[in-house]
Amino acid sequence: MEQKENRKKEIIHFFGQLPVESLYTAGIAGERFLLGLKEGKFLANYCPDCDFVFLPPKLYCEFCFRELKEEDLKEIENKGILLSYTFTHIDTNGNRLENPIIVGVIKMNGTDTGFVHKLLNKIEDIEIGMEVEAVFAPKERRRGSINDIVGFQRID
Amino acid sequence: MGRRVAIVGAGMTKFVRRAKETGKELAYYAAKAALDSCGAKLKDIDAVVLGSAPDTFDGVHMKGEYLSCGAGAFGKPYLRCYVGGGTGVFSVAVGWYYIASGIFDTCLVVCEEKMSSYQPHPQGAFLTIFDHTTERPLGPNLLWIFALEMQRYMQTYGIKKEEIALVAVKNKKNALDHPAAQIAQEITVEDVLKSEVLCYPVQRLDVSPVSDGACAIVMTNEYLARRFTDKPVWVSGVGWCLDTAYWTNRDLCYPRYVEEAARMAYKMAGIRNPRREIDVVEPYDPFDYKELHHLEGLLLCDRGEAPQLLVDGKTQRDGELPVCPSGGLLGVGNPISAAGLMKVIEIFWQLRGEAGKRQIAKKAKRGLAQAWGDLMQVGTVVILEV
């Protein structure tokens, strides 16, 4: 309705665009992380000054500004706890989705950060506090992307 | 005028065409280098100011929020400021009033730009700055503004393109001595005049490049400055000013907004005769003619006379008034906001005698950095002294 109001013929109007296409780099730390995923590994890093483990790993500790180097990386186990979740029933344009997308925030064991990703279980099987693990795409399909993880599933 | 404000540390990344680092990581490297340069830790910093130009460059909306952790802002009062190309120098004015007002004792100022993210070319990010009713239907190009200004400047004062090209020759050569420089090179006036015409009379070598990079400084007050360094550099004047928002309605051959900003800064610094009292200057030079334009706006020479200073060699590093000893945007590079802060940092290093091979011949006590931006109508000025 509002849109139609905007297009009244007696008001001179025209369409324009703010064209934006970006090419992002993963960054120094981001690349370390994604190359780990490609190998089916979770690489986190540890700031000894703050006793804090970052997943994904960072180039620096944002609390104390210590530089976190390649040697500060450590592999963590593929296991975590679901902190929260939601079912998304609409897409970004507001259209109804046939199958809701389920996303959750997971605290991987041995880390101090939240990790957001899709959940693969049925809605009725999901509960906060459940133990989950990542399901990786088959090795030949991994390309160093956050989507090398298909999603997380409940461990029973 | 509140507390005296000092710059006590500075750091920067290399300026490059495409950085592997994310914007956050670039901001971190610069901020950490600035802190390390004066033995400061993040916990010594009370507040953080971030300068960064349009979100569209990095391709991240709310870039201030995005860059905050790399700028060291966790758990601190934090503000992003933005006046287009004028941001780098303006961010120092913001840091100045944080400290001068007494609200904060220490402040970290970080400027970052990652222009390479924008595809296919960051120039596209500027298309929507033009008026959607009267200009965008004409299919504008950012270079229009500069070409039209340059043409008007040359026509009004009878300036030759050969004279303007000398700015590019000087600055790119100066940049050969800058370890962070992106496009330092030895070129001739002929090279400039033979380079590709982009938007007549602007040619390829008249223009600064697209860059990624970051810069940072540490600011504090007169009571704490010597805890961080034996050689504080004082911010004695800041100024900023807007001209009309309609670029066609400005005087295309004279940057009045720069003059107003400079007058504000000169007054604050108690400078009556800038030509005698300013020892070294870093005017904003995204295009070669702009260095000349801005020298005139800064009242460092009469209108139309800047090219003569250049031809006479007075603006070389060993001249009477060294101009862009760093190599400027034309030589070091132009990651928008970081480029402006790079200019302030160059004056900081020059006044401390730490500019290495770039050190100017004369003993400098007072220097000025200036930037320009928004829809090309903002002037920002900072005056430093020892």
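In chain B of this predicted model, B:C111 has B:C215 as its bridge partner in strand β8. Strand β4 of chain B and β8, residues 212-221, pair in the antiparallel sense over nine bridges. B:C111 also has a partner in another strand. B:G51 has B:C111 as its bridge partner in β4(B). Here the pairing is with strand β2 of chain B, residues 47-51, and runs in the parallel sense over five bridges.

How much of β4(B) is buried? Nine of the nine residues of this strand, 106-114, are buried, so the rest of the structure largely encloses it. Look at its two faces. On one side, B:T106, B:L108, B:V110, B:E112 and B:K114 are buried.

With 13 of its 14 residues buried, α4(B) is largely enclosed by the rest of the structure. Its length can be checked. Just after α4(B), B:G102 takes a positive phi of about 85 degrees.

Helix α9 of chain B, residues 256-269, can be checked in the same way. It has 14 residues and reaches 20 Å from its first C-alpha to its last, close to the 20 Å expected at 1.5 Å a residue. Which residues of α9(B) are buried? They are B:Y257, B:V258, B:E259, B:A261, B:A262, B:A265, B:Y266 and B:A269. Their cover includes the helices α5, α10 and α11 of chain B. It also includes the strands β9, β11 and β12 of chain B. After α9(B) comes B:G270, whose phi is positive, near 70 degrees.

Helix α5 of chain B, residues 143-157, and helix α11 of chain B, residues 288-297, pack at an angle of about 60 degrees. Their axes are 10 Å apart. α5(B) and α11(B) are therefore oblique to each other. Their crossing is left-handed. From α5(B), the contact is made by B:F146, B:E149, B:M150, B:Y153 and B:Y157. From α11(B), it is made by B:D288, B:Y289, B:K290, B:L292, B:H293 and B:E296.

Next, a loop. B:V16 is found between β1 and α1 of chain B. At 28% relative accessibility, B:V16 counts as partly exposed. Leaving out residues up to four places away in sequence, B:V16 touches B:Q182, B:V210, B:S211 and B:D212. B:V16 and B:R256 are 240 residues apart in sequence. In space, they are 32 Å apart, C-alpha to C-alpha.

Turn to chain A. Five of its strands form an open sheet in the order β7-β6-β5-β8-β9, and the pairing is antiparallel. The edge strands are β7, residues 115-118, and β9, residues 149-154, each of which pairs on one side only. Neighbouring strands of this sheet are turned by 35 degrees against each other on average, direction ignored. Strand β6 of chain A, residues 96-108, runs antiparallel to β7(A), and four bridges join them. A:V105 stands opposite A:V116 in β7(A).

Finally, consider the backbone. Most residues other than glycine have a negative phi, and most peptide bonds are trans. Both chains hold departures from this pattern. In chain A, the peptide bond from A:L55 to A:P56 is cis, with omega near -5 degrees. A:P56 lies in the loop between β3 and β4 of chain A. In chain B, the peptide bond from B:Q119 to B:P120 is cis, also with omega near -5 degrees. B:P120 is found in the loop between β5 and α5 of chain B.

Phi gives two further cases. A:D51 is not a glycine, yet has a positive phi of about 50 degrees. A:D51 lies in the loop between β2 and β3 of chain A. A:F65, a residue other than glycine, has a positive phi near 75 degrees. A:F65 is found in the loop between β3 and β4 of chain A. Is each buried or exposed? A:D51 is exposed, with a relative accessible area of 54%. A:F65, at 2% relative accessibility, counts as buried.

Terms used: Residues are numbered from 1 along each chain as its sequence is written. Chains are lettered from A and ligands numbered from 1 in the order in which they are written. This is a predicted model: local features need pLDDT of at least 70, side-chain atom pairs count only at pLDDT 80 or more; totals for chains, interfaces and linings use all residues. Side-chain values use heavy atoms; hydrogens and water are left out. Buried means under 20% relative accessible area, exposed over 50%, partly exposed in between (1.4 Å probe, protein chains only). Helices (H or I, at least four residues) and strands (E, at least two) are DSSP runs, numbered from the N terminus. Two strands pair if DSSP finds at least two bridges between them. Axes are lines fitted to C-alpha atoms, for helices over the stretch in contact, and angles run from 0 to 180 degrees between N-to-C directions. Angles under 35 degrees count as roughly parallel, over 145 as roughly antiparallel, 65 to 115 as roughly perpendicular and the rest as oblique. A crossing is left-handed if the near helix is turned anticlockwise from the far one by less than a right angle, and right-handed if clockwise. Contact means heavy atoms within 4.5 Å. The expected span of a helix is 1.5 Å times one less than its number of residues.
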